[in-house]
Amino acid sequence: MRRSEINGVLRRGEEFIRSFGYALPPFAGLSPDDMGARRDALGTVIDRGLGWDVTDFGSGDFARTGLLLFTARNGVAAGSAARGLVYAEKIMVVREGQFTPTHRHERKAEDIINRGGGVLALRLFGAGPDGSVDQEGAVEVMTDGVTRVLRGGDVLRLRPGESVTLLPRLHWHAFWGEDGDVLVGEVSTVNDDVADNVFLEPVGRFASIEEDEAPFRLLVSDYAGLLRS
């Protein structure tokens, strides 16, 4: 993706998020220069991967295959260092017809929540004993406290306020927006976008960026090169 395209996605995304009354944390609005100047104070933000993420999954066509995410909080893996901080929260913008490829997680359990806008459509599959996709078996999921049993490949549609719980190794899922753009929340156990995503088809989780203009906001994937010492 060109940096200019990413900048436009971020500007429009921030406006869309604000339109629902969702207030982002202060670090969301920092310029790259501000983040660099405050690198020491922002150590937790940087180390835990908090902030903006724009990806086209290597497709080269963000409008059709892509996602805008903002990680607002993220804990640490279970153990003595965790001390209860075993949760994460994201807000995402899923545009109408914009596809996030089929994937599952090894460790992360998550609630995916339609926070407003159109309909969030999810295509769901179960997993075999080895974690591979089960194209035909039944898929049992919890939607707002109610257990539902679907067939592999069925599409679950969440309207504003509705959610689904997806469990690690058990639930393969892809999603897209219908009947308008969708503001999507994610509440989960600790998030690790580097190592915990298993895609059905090979994709590039983070976008390759062509630097045709200065960044409007830093992405999480920029931190390693620009902020970490």
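Here are legends for a few close-up views of this predicted model.

View 1. Buried means under 20% relative accessible area, with a 1.4 Å probe and protein chains only. Strands here are DSSP runs of E with at least two residues, helices are runs of H or I with at least four, and both are numbered from the N terminus.

**View 2. Who pairs with strand 11?** Two strands count as paired if DSSP finds at least two bridges between them. Strand 5 (residues 110-127) runs antiparallel to strand 11, with 14 bridges, and here Asp111 sits opposite Val187. Strand 3 (residues 87-94) is antiparallel to strand 11 too, with 8 bridges, and Glu89 stands opposite Val187. Strand 4 (residues 100-105) joins strand 11 through 2 antiparallel bridges; His103 has His173 as its bridge partner.

**View 3. The largest nonpolar core.** This core holds 30 residues, and Leu10, Met35, Trp52, Val54 and Tyr223 have the most contacts inside it. A nonpolar core is a set of buried Ala, Val, Leu, Ile, Met, Phe, Trp, Tyr and Cys residues joined through side-chain atoms within 4.5 Å. Helix 1 gives the largest share, 5 residues.

**View 4. Zooming in on Leu10.** Skipping neighbours within four places in sequence, Leu10 is in contact (heavy atoms within 4.5 Å) with Trp52, Val54, Leu68, Phe216, Arg217 and Leu219.

**Notes.** Residues are numbered from 1 along each chain as its sequence is written. Local features need pLDDT of at least 70, side-chain atom pairs count only at pLDDT 80 or more, totals for chains, interfaces and linings use all residues, and side-chain values use heavy atoms, leaving out hydrogens and water.

Terms used. Buried means under 20% relative accessible area, exposed over 50%, partly exposed in between (1.4 Å probe, protein chains only).
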